[in-house]
2 protein chains.
Amino acid sequence: KNKGLQVLKANSGAHPPAHSAGHGHGGSHSSSGGSTLLGYIGIDTIIEQMRKKTMKTGFDFNIMVVGPSGLGKSTLVNTLFKSQVSRKSAGWARDEKIPKTVEIKSVSHVIEEGGVKMKLTIVDTPGFGDQINNDNCWEPISKYINEQFEKFLKEEVNITRKKRIPDTRVHCCLYFIPPTGHCLRQLDVEFMRRLSHSVNIIPVIAKSDTMTIEERQEFKQRVRKELENNGIEFYPQKEFDDDMEDKSDNDKIRETMPFAVVGSDKEHQVNGKRVLGRKTAWGIIEVENPNHCEFAQLRDFLIRSHLQDLKEVTHNIHYETYRAKRLNDNGGLHPISSNDTQESNL
Amino acid sequence: KNKGLQVLKANSGAHPPAHSAGHGHGGSHSSSGGSTLLGYIGIDTIIEQMRKKTMKTGFDFNIMVVGPSGLGKSTLVNTLFKSQVSRKSAGWARDEKIPKTVEIKSVSHVIEEGGVKMKLTIVDTPGFGDQINNDNCWEPISKYINEQFEKFLKEEVNITRKKRIPDTRVHCCLYFIPPTGHCLRQLDVEFMRRLSHSVNIIPVIAKSDTMTIEERQEFKQRVRKELENNGIEFYPQKEFDDDMEDKSDNDKIRETMPFAVVGSDKEHQVNGKRVLGRKTAWGIIEVENPNHCEFAQLRDFLIRSHLQDLKEVTHNIHYETYRAKRLNDNGGLHPISSNDTQESNL
């Protein structure tokens with residue numbers, strides 16, 4: 001259908017050749033197969049127009065943390081967002097008892113930076129992996145993830161829709177691997193295998209300050225190998241690389257995952273500068289120093305280069321998969337008019 | 001539901017006050033009701049991430065031109081996009097006969113500027129207003145607009161959806177008013193009244209080089225008055241202003257609409273510069289010179305400030321209106337699996 005589409009390109013640099021002025025050599029008239037434009041139009045201003053809209057509306061980002069207690073999940077999230085955003089800091093007591101079953105608790109904050117507002121929701125899963133018998137402990141988590149898809153789907157099929165559907169879907173699941181130095185536990189494998197098709201899983205090695213450089217390298221390699229052997233596709237998934245550039249960027253990231261991280265929300269003085277770190281008798285681990293641990297790599301990846309992509313993969317892949325299954329199973333969802341939203345016909 | 005959301009803000013400028021370091025005056029600790037962040041996170045990089053995605057995918061923009069023949073519709077569109085993009089320049093003969101009924105003809109080009117690709121489709125409506133009896137001549141146009149909504153809706157309710165639904169919906173309808181200096185013709189009023197709820201109508205006064213400055217001012221004022229008296233809401237519609245800033249910007253634009261324009265795809269030499277213009281015995285009308293006509297204002301408005309908004313109003317308002325009506329009338333559309341797309345069950 002796009003066959004025969006003519007491509008018109010801006011002439012980089014100088015004024016384009018005038019096609020109405022007669023005598024010329026006919027030299028550099030056509031550029032790379034397409035015609036050139038007779039001056040500046042302003043198509044690239046779309047970027048600035050989109051920026052303005054985003055500054056006004058802001059965006060949602062929802063991150064889930066999963067892993068046994070005591071691995072520093074809350075601290076890591078606080079370190080990522082440079083503030084007390086985790087559930088534990090938001091009113092819950094730090095000496096809270098470990099629940100007897102897996103619970104799902106979420107807390108939201110609006111964080112503004114450079115005029116851009118992000119509504120951040122941290123979904124915590126206390127009790128995961130903390131029981132004597134952890135059979136099916138991924139089920140409440142899987143249920144929560146699907147409930148958010150269902151909520152979005154219901155809004156999407158409504159006859160009267162909101163201009164922007166509130167997005168509570170989990171864009172990213174940080175899975176905390178204990179720094180055992182051995183191999184993945186069966187629970188780790190089960191969780192990631194079962195959930196990797198409904199959420200973007202980013203495995204991290206928690207509290208990695210307990211490992212030497214060699215131990216870290218070796219453990220990371222072993223974890224990658226085990227994930228591969230078990231057919232677990234973590235984020236960024238190879239199959240969703242958009243093009244060669246994506247593939248090459250993401251290959252580099254995949255080769256260094258899972259990131260071995262250390263979190264801290266305490267500041268220390270190092271060479272006259274205040275840095276986030278952990279002070280021990282033998283030195284200060286600066287969490288944002290790439291020579292000390294891989295926190296900065298995780299932060300850059302999660303927030304500064306792949307945040308939008310995490311949202312898009314969630315919407316275009318995980319949500320679409322859920323929706324297609326849901327509609328196929330059900331023989332079609334009927335749109336719900338706003339009056340019917342109380343009673344669920346699903 | 002957002003009640004109690006804590007707002008965390010970047011500390012503009014220097015390092016934020018450390019909350020772990022004890023003795024201080026407690027001076028500028030809290031900023032505007034929210035807590036401050038313990039350093040830079042990178043939330044604002046979302047803009048750059050979105051820019052990169054847009055550079056890769058490009059975007060669709062579909063513009064329709066309506067008005068009697070001989071008003072320079074094709075030339076104006078060529079002037080807007082600095083190239084031969086109109087139907088007339090794309091293979092059709094300029095001496096093509098006026099059709100006996102309104103026809104809908106579209107032609108597409110990909111235009112690239114600053115690395116951003118726009119797939120531009122110009123939808124022309126030859127024959128509109130050219131008949132002896134122009135009863136219902138808006139109907140083929142209305143039908144075309146709705147067909148594009150229907151196409152989009154069908155894609156949207158499919159069980160297996162495309163990652164990006166091709167957007168053929170008309171984002172903007174340039175309605176050409178003849179520069180009579182009198183009042184709007186009944187056809188103009190009928191067309192705009194009937195179509196203004198399904199498409200963004202931007203009325204322009206065509207070939208305005210036939211008018212003196214006073215005639216132009218007076219005619220524009222009269223047209224605005226008549227549109228208002230007939231309850232016609234052209235784009236940007238007052239009711240869709242998002243906030244006070246939008247309202248104030250758009251009020252200024254609405255007060256100077258409809259723009260009195262002149263088009264030209266011929267270049268002339270003026271003060272050593274090549275400009276697009278029309279040469280007459282008494283001077284050269286430079287179409288992009290704001291002292292000569294309002295072409296530059298139309299171009300800035302249509303392409304450089306409101307293009308994204310035209311797309312969003314089309315999607316959020318006109319398409320949603322069509323969709324809600326369609327679903328209400330039909331008692332619900334059933335999602336179509338890809339096997340069924342051949343037979344229409346609508």
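Mentor: Let's start with burial: a residue is buried if 20 or more other C-beta atoms, placed from the backbone, lie within 10 Å of its own, exposed if 12 or fewer, and partly exposed in between. This is a predicted model, in which local features need pLDDT of at least 70, side-chain atom pairs count only at pLDDT 80 or more, and totals for chains, interfaces and linings use all residues. Residues are numbered from 1 along each chain as its sequence is written, while chains are lettered from A and ligands numbered from 1 in the order in which they are written.

Trainee: Is Asn136(A) buried or exposed?

Mentor: Asn136(A) counts as exposed, because it has 11 C-beta neighbours inside 10 Å. Its phi is positive, about 60°, although it is not a glycine. Asn136(A) sits in the loop between β5 and α3 (139–157) of chain A; helices (H or I, at least four residues) and strands (E, at least two) are DSSP runs, numbered from the N terminus.

Trainee: Where does Asn271(A) lie?

Mentor: In the loop between β9 (267–270) and β10 (273–280) of chain A. Asn271(A) also has a positive phi, about 50°, and is exposed, with 5 other C-beta atoms within 10 Å.

Trainee: Which residues have the most contacts inside the largest nonpolar core?

Mentor: In soluble globular proteins, nonpolar side chains tend to be buried together. A nonpolar core is a set of buried Ala, Val, Leu, Ile, Met, Phe, Trp, Tyr and Cys residues joined through C-beta atoms within 7 Å. Here the largest has 70 residues, and those with the most contacts inside it are Cys173(B), Tyr175(B), Val204(B) and Val261(B). Strand β6 (residues 172–177) of chain B gives the most to this core, six residues. A second, separate core of 69 residues includes Ile63(A) and Leu310(A).

Trainee: How are the two copies related?

Mentor: Two copies of a chain are related by a rotation about an axis and a shift along it. Chain A is laid on chain B with an RMSD of 0.0 Å by a turn of 180° and a shift of 0.0 Å along the axis, using least squares on the C-alpha atoms of residues with pLDDT of at least 70 in both. The copies are therefore related as by a two-fold rotation axis.

Trainee: How many residues of chain A are in contact with chain B?

Mentor: Contact means that C-beta atoms, placed from the backbone, lie within 7 Å. By that test, 61 residues of chain A are in contact with 61 residues of chain B. On the side of chain A that touches chain B, the largest share, nine residues, comes from α1(A).

Definitions and conventions:
Contact = placed C-beta atoms within 7 Å.
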